Each structure stands twice: as structure tokens, then as C-alpha cells.
Amino acid sequence: MTEIFDRNLDDEVFDAIDAEVLRQQESTELIASENFVSLAVLKAQGSVMTNKYAEGYPGKRYYGGCVNVDRVEELARERLKALFHVRFVNVQPYSGSAANMAAIRSLLSPGDRIMGMSVNGGGHLTHGYSLSFSGKDYESLSYDVDRETYRLDYDAILRQAQQFKPKLIICGASAYSREIDFKKFKEIADSVGAYLMADIAHIAGLVATGYHNSPIDVCDVVTSTTHKTLRGPRGGIIMTNDEELSKKIDKNVFPGIQGGPLEHVIAAKAVAFKEDLTPEYKDYIGQVVKNAKRMSEEFSAMGYDVITGGTDNHLFMLDVLKSKNITGMKAQKVLEAVNITANRNSIPFDTQKPYITSGIRIGTPAMTTRGFQEKEFVQIAHYIDEAIRNQDDARALDAIREKVVSLNRAFPLPYRKVG
């Protein structure tokens, strides 16, 4: 059989892909929302499933020839149900944001009130931010973390809810390092007659393996991405135990906000969910949590201000402006110069602009996939500190980069160049 695609037909694109393979191989990936998929997931997403149009759902398509994509989508749905012990799922959302839009539309009418975590506090744009659909189509109010502890203050959230009287409360975060008490959120929602939605895009892997309490039997609807800690392709999912709500969700995904589902991505989701159901995956998540805790402790020992004082999950944030008089933007660029990839991030009550920030966010899922354990994460913490201390010394940064590359090469990825 001949190769499906000859890379020489588009050298420009495949040269960039080859360069990205090398970048990933030689860099330490600390972005909390990224991970490395298996070759099986990669192969499924790059399969001929991408050729098939399949508007609708298994058994109820608007196109012919869907027998095989039906089979794969059913596998994805059943595996997801088993993974989270939930009755109804939708695996078609193109992204976490799309999943949130469909879920919110299934619960609310335009103009209804939403309460969600502020972006600076650690929430997501789709939780009511003014420039997002969630802040434009609905009346929103953000709740924040405590000014001293930077942790969720459930009593303060209750008082806000009783005054604002939202129809929906969203819990979940993209930059919050402590365990979320979904039952307390449920008590708050019930006290004002609101729906409760959990966005577990970041902690989904921890929830699935028992390293974080589950919102499935507590919240009306749960959304997530399938990358990050689930270690699958980029995409979204929606879950609920309410049959009537599940019907609304299906209609709001298609035809509400999406057309034909990306069946090649759904195939990759199915493969990832099967991997997530294994004992090896549970061990992996356990190591992710250990690594984050140990690394945050090392930063504290070196004098860094770790937001909330530590972590219960896979990520934590550093106030680098307060600790080392460097903005998040500058710190991100300095780290990239030594082949360490992290992202600048606003911290609670940040005085810097969102594009600049006072902090950086650090996550352990990706490098744990590559085999890093506590020892390696401690080593990287010291490389980060060394780079920040020598931020304007090009020779020193070159020397640090060589050490980082050497460490990364000892934990190779299974990917290879296209050519």
C-alpha cells in the first residue's frame, strides 16, 4: 500500500510539523492544560474518519454511510459513561467552550442570571466573562476567592447568590489549585433555586480516578475538555444524569451550535477513554498529583510566593512579580529561552494587565506522561529559579537550556518526524 500522503506535496507545512516534533522532544512542557497523547490517539485522530460527514447522532444521522462512525461514537459514549459513572453523555462538542455554551443554553434563556468564578480568581472566560457569550447573552456576576487565603469562600459566595439570585451557578476553574467542594456549591444553588453546572476541564482526570471528589451525582450538568488530564484529543464533552436535560443538551449541541461532528476526533476520544479506564492511568494521575505537590513545596522553600500556599491537584501558580520582581510575561519569555514552556497567568486581584500578569501557572500532567517524577520536577524548579535570576545573562541562559535539553532527551516521546 502506498503512503496516504506524500510530505513533499507541502514541505512548508510538514517542515513546521517536524520542527514542532523537535520542540516538544527538547522542551519541558509545564502548561497545565497540555499533555502528550499516545500514538493510538494520534493515529485515530489522523485517520480516514476525518472524511465522513455525520450530522446527527448514532442511528439518527442525516447522511448515509455512517455505520462505522456510529460504531465509534457509541464506543466513545459507553466508555465515557463507564469512566465517570454517569447515565447520559454527549461526545460531540468541538471544544470545552462549545460544551459550556450548549450546556448553558440547555439550562437558561437569554438574559437569565449566571454566577461563575472570576477570571482573575481562576475561572474561565465561559463562566460569565464580559467579552464571552456567557457574559453577553446572560446577566452575569463573578464570585472571587478570599483576599488573604486566595481560596474559595463558600460563605461569601452564598451571600452573593442570595443577593443576586442567579438561575445558574457555575463551579470549576482553569487556575485554582485547591479541591472544590461541589456539595457546598449544591447547597448554595439549592438555597436560591439555581441550577448547578461543574466545569471540570482541568481536573477531569483526577475526578475519574478518585483523586478529586466527583460532581456527577451533585450537579445538574458537568462539562469538560478531553485533553489536559484526560490525555486525549482536543475537544469537549457534556455529562448528566437527567434524561430530559440530556435531550436538551443533544439538541443544543446539534443543531443548536454545531453542524457535523468531527468523527476523527471522536474516534481519538474513544481511544483515550479506553486508556483512561486502565489501572496504569490511575497510577499516572496519582503521580501527577505527587509531582505538583512536591514541586510547589520546592518553590516555597526557594522563597517563591505560591498562590494558596500549595496545591491539591495538578497545577499551582507563582506570584513571580512579588517573589522575584519579574512580570508573568517576562518570566514566560525567559523560560521559553531555556526550553521550559509555561504560561503567564493572572493571579487573584492582579494589579497587572491580563496580557502582562503577575504570575505564571505550572502544571505537571505533560511531563509526568513522559516519565518525570518528583526528582525531575524538583530539578526543573531549580532550573526555573536559575533562569529567572539570570534573566538578562544570555550565556547563563544558554547553559541552562543545555541542561534542560539534556534532561528532556532522557525522557523521549514516541513521536517521530513526518519525513
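Residues are numbered from 1 along each chain as its sequence is written. Because this is a predicted model, local features need pLDDT of at least 70 and side-chain atom pairs count only at pLDDT 80 or more, while totals for chains, interfaces and linings use all residues, and side-chain values use heavy atoms, with hydrogens and water left out.

Q: How many bridges join E5 to strand E6?
A: Strand E5 covers residues 113–117, and E6 covers residues 139–143. Met-117 stands opposite Tyr-143 in E6. The two strands run parallel, and the bridges between them number five.

Q: In E7, which residue is the bridge partner of Met-115?
A: E5 and strand E7 (residues 168–171) run parallel, joined by two bridges. Ile-114 stands opposite Leu-168 in E7. For Met-115, the partner in E7 is Ile-169.

Q: Why is E5 largely enclosed by the rest of the structure?
A: Buried means under 20% relative accessible area, exposed over 50%, and partly exposed in between (1.4 Å probe, protein chains only). Strand E5 has five residues, and it is largely enclosed because the number of them that are buried is four.

Q: Is His-202 buried or exposed?
A: His-202 sits in the loop between strand E8 (195–199) and helix H8 (204–209). Leaving out residues up to four places away in sequence, His-202 touches several residues (contact means heavy atoms within 4.5 Å), including Ala-32, Lys-228 and Arg-361. Its relative accessibility is 4%, so His-202 counts as buried.

Q: What is the length of the polar contact between the side chains of His-202 and Arg-361?
A: A polar contact is a pair of N or O atoms within 3.5 Å; within protein, one must be able to donate a hydrogen and the other to accept it, and residues adjacent in sequence count only if both atoms are side-chain atoms. For the side chains of His-202 and Arg-361, the value is 3.3 Å.

Q: Which residue has its backbone oxygen 3.1 Å from a polar atom of the side chain of Asn-291?
A: Asn-291 lies in helix H11 and is buried, with a relative accessible area of 0%. Among the residues that Asn-291 touches are Thr-364, Thr-368 and Phe-372. The backbone oxygen at 3.1 Å belongs to Phe-372.

Q: How far apart are the axes of helix H11 and helix H15?
A: H11 spans residues 279–301 and H15 spans residues 374–389. They pack at an angle of about 35°, and their axes are apart by 9 Å.

Q: How far apart are the axes of helix H3 and helix H10?
A: H3 takes in residues 67–84, and H10 takes in residues 263–276. Val-69 and Leu-83 are among the H3 residues in the contact, and Ile-266 and Phe-273 are among those of H10. The packing angle is about 35°, with the axes apart by 8 Å.

Definitions and conventions: Axes fitted to C-alpha atoms, helices over the stretch in contact; angles between N-to-C directions. Pairing = 2+ DSSP bridges.
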